[in-house]
2 protein chains.
Amino acid sequence: MDVAAALAGYGDRIRVALCDHLRPREPRRHLYDPAAEYAWRGGRMLRPSLCIAAARCFGASIEEAIHAAAGIELLHNAFLVHDDVEDESDERRGRPTLHAMHGIGLAVNAGDGLLLLGLEALLANRARLGPSLTLALLEDACRMARETVEGQALDLGWRRDNALSLQDDDYLRMVLKKTCWYTTIFPLRTGVLIGTRDPSRLDRMLSFGFFLGAAFQIRDDLLNLEGDPRRYGKEIAGDLWEGKRTLMLVHFLQRTTAAERARLRAFLDAPRAERSPDDVAWLRERMDTYGSLEHARAVAHALAGAAQHEFEREFRTVPDGPDKALLAAMPAWVLSRE
Amino acid sequence: MDVAAALAGYGDRIRVALCDHLRPREPRRHLYDPAAEYAWRGGRMLRPSLCIAAARCFGASIEEAIHAAAGIELLHNAFLVHDDVEDESDERRGRPTLHAMHGIGLAVNAGDGLLLLGLEALLANRARLGPSLTLALLEDACRMARETVEGQALDLGWRRDNALSLQDDDYLRMVLKKTCWYTTIFPLRTGVLIGTRDPSRLDRMLSFGFFLGAAFQIRDDLLNLEGDPRRYGKEIAGDLWEGKRTLMLVHFLQRTTAAERARLRAFLDAPRAERSPDDVAWLRERMDTYGSLEHARAVAHALAGAAQHEFEREFRTVPDGPDKALLAAMPAWVLSRE
């Protein structure tokens with residue numbers, strides 16, 4: 001199964017749909033052009049492709065799933081814009097973040113605009129899917145977005161309070177909310193809903209989506225530390241500079257000596273601008289010494305295995321085909337992607 | 001007609017409904033408590049009261065309108081939080097703004113949470129109003145929110161570009177989008193929709209809502225310059241410090257001498273922190289000299305008169321009663337409120 005080729009194929013279809021939602025219109029310069037910025041920087045279109053593949057597994061056509069897929073990508077872009085503001089990130093997909101280009105005010109407003117464009121794309125399902133199914137999609141989108149906001153609040157709160165007593169399960173709970181709901185769970189649920197037209201099937205995607213999404217996030221955090229700077233779109237080691245509570249940091253936190261803990265506390269307490277390259281290098285070296293990256297790789301591997309198991313259970317009755325093969329290949333793919 | 005008493009009566013009902021939507025839940029400290037902050041600072045509940053009054057005028061009960069009313073107030077709070085970030089405002093309802101208390105990241109995220117709580121309140125109409133009417137409400141809410149975001153982009157863009165060639169109709173177009181849609185047009189449309197169950201009636205509220213909302217906004221901007229600091233919840237003359245394009249500033253802009261224009265341009269070009277009290281006092285004095293406040297009062301008066309005219313036309317067939325009397329009293333009330 002060539003995952004990259006399958007994603008590229010659906011990605012092209014989704015980009016065509018996005019062209020309509022993100023078409024230039026007034027006010028262009030201070031709203032709709034900035035709102036379209038991240039979408040046209042590329043991206044794998046993973047989330048909307050999961051939606052289309054799941055919909056097709058359960059008997060729907062691409063056309064029936066395309067509005068939902070576009071909505072998912074637009075909501076993803078909305079979250080990226082606000083997350084970049086909230087996390088004070090400098091780079092996104094190899095270029096400056098939206099607030100770095102246009103200021104915080106305009107970026108927050110453009111993120112709001114993207115959220116509304118995403119909801120409007122979901123509302124556009126009404127003509128083909130009918131009012132009841134469209135409302136079920138909207139209700140699930142609100143649930144998903146609120147999980148995301150709650151996950152972001154956990155993450156921001158840990159940084160704000162300089163939380164140092166975190167365990168792996170705190171991290172996984174945060175990732176379930178902040179990453180999995182919008183990256184895997186909601187796209188899969190939406191696809192299943194469009195395919196089966198049966199809202200009672202939704203919760204069967206929770207476990208597959210959680211395991212897959214958590215493995216995805218841990219791999220993403222590992223790439224942030226050891227990825228190829230030319231292929232990775234964000235600042236390498238940016239997570240260390242930001243004090244992001246990754247599984248690697250949580251692992252190190254649980255093992256620090258008193259002296260290491262004091263140094264780490266001071267580092268995390270300082271504003272980002274006052275953190276030094278020496279401290280970042282020290283933190284990275286300590287993680288290597290304690291095997292924090294190896295631990296994270298092992299957890300990601302276990303999660304991907306659990307995802308594979310859940311996939312086989314939930315898609316047992318789905319006939320074989322390219323979409324089932326794509327979803328079946330996802331757990332291995334999230335571990336190997338660059 | 002005692003407008004204050006009528007608003008207080010509906011306000012109590014709406015606060016009860018908000019207690020459920022804004023109930024304490026986890027994560028409390030970094031999300032739901034900050035999200036509830038503005039709502040419990042008081043406020044007249046003008047927007048949801050307009051919705052309930054319009055719904056009752058067209059035959060609905062309070063119970064049928066209460067979810068929509070709560071949703072309107074929650075969306076209003078969401079806009080306030082993000083607007084305060086975008087406008088770099090310091091005070092809201094007599095206390096520090098949310099981002100001044102908790103930082104920009106947490107405030108942006110809490111604003112997102114409020115937007116979702118507002119949408120969920122609108123979705124809660126499904127049980128009583130059915131899927132079609134609920135979807136019509138959602139579609140109109142997205143339209144309204146996108147008008148608001150576009151209006152905010154115009155306003156931010158003018159400040160960003162230091163726009164000095166604005167006319168009264170530029171101002172009114174911005175206010176139509178940024179203020180009227182969510183303050184008057186959408187609450188009225190929602191009430192009419194719930195009362196009549198007829199989406200074709202919606203556009204009949206556009207003119208009444210626009211005239212009433214624009215008069216409201218101009219009065220609000222006048223109060224910012226000459227209100228009683230103990231009764232007005234925001235920093236007095238905060239709009240001058242922020243370089244906000246009010247009708248008074250637009251009026252002065254059209255009349256400046258070359259020297260005044262140069263001084264004004266430099267003042268507006270400077271970051272807020274570098275603007276001096278002397279410049280603010282000078283700007284206020286120039287507005288007085290040119291009669292900018294008088295001009296704004298005259299425009300607000302004319303808009304309120306037009307609103308009265310539109311009200312009489314659109315509510316002609318509505319039987320007399322306290323809700324019709326409340327809406328009839330709104331144009332005069334927006335001009336006289338402190």
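User: How do you know that the copies meet through the same surface?

Analyst: In this predicted model, 100% of the interface residues of chain A are also interface residues in chain B, so the copies meet through the same surface.

User: What makes the relation between chain A and chain B that of a two-fold axis?

Analyst: Chain A is superposed on chain B by a rotation of 180°, with 0.0 Å of shift along the axis and an RMSD of 0.0 Å. That is the relation of a two-fold axis. Within chain A, A:Pro131 has the C-alpha nearest the axis, 3.0 Å from it.

User: What makes residues of chain A and chain B count as in contact, and how many are there?

Analyst: Two residues are in contact if their C-beta atoms lie within 7 Å. By that test, 36 residues of chain A are in contact with 36 residues of chain B. Helices H2 (28-36), H4 (62-86), H6 (104-123) and H7 (126-160) of chain A each give two or more residues to this side. H7(A) gives the most, with 18 residues. By class, the side of chain A that touches chain B has 18 nonpolar, nine polar and nine charged residues.

User: Why is a set of residues called a nonpolar core, and which members of the largest one touch the most others?

Analyst: The name applies because its members are buried residues of nonpolar kinds, joined through C-beta atoms within 7 Å. The largest nonpolar core has 212 residues, and A:Ala69, A:Ala215, B:Ala69 and B:Ala215 touch the most other members. Leaving out residues up to four places away in sequence, B:Ala69 touches B:Ile14, B:Ala17, B:Pro48, B:Cys51 and B:Ile52.

Note on methods. Residues numbered from 1 in each chain as written. Chains lettered and ligands numbered in written order. Predicted model: local features only at pLDDT ≥ 70, side-chain atom pairs only at ≥ 80, totals over all residues. Helix = DSSP H or I, 4+ residues; strand = E, 2+ residues; numbered from the N terminus. Nonpolar A, V, L, I, M, F, W, Y, C, P; charged D, E, K, R; others polar. Buried ≥ 20, exposed ≤ 12 C-beta atoms within 10 Å, placed from the backbone. Least-squares fit on C-alpha atoms with pLDDT ≥ 70 in both.
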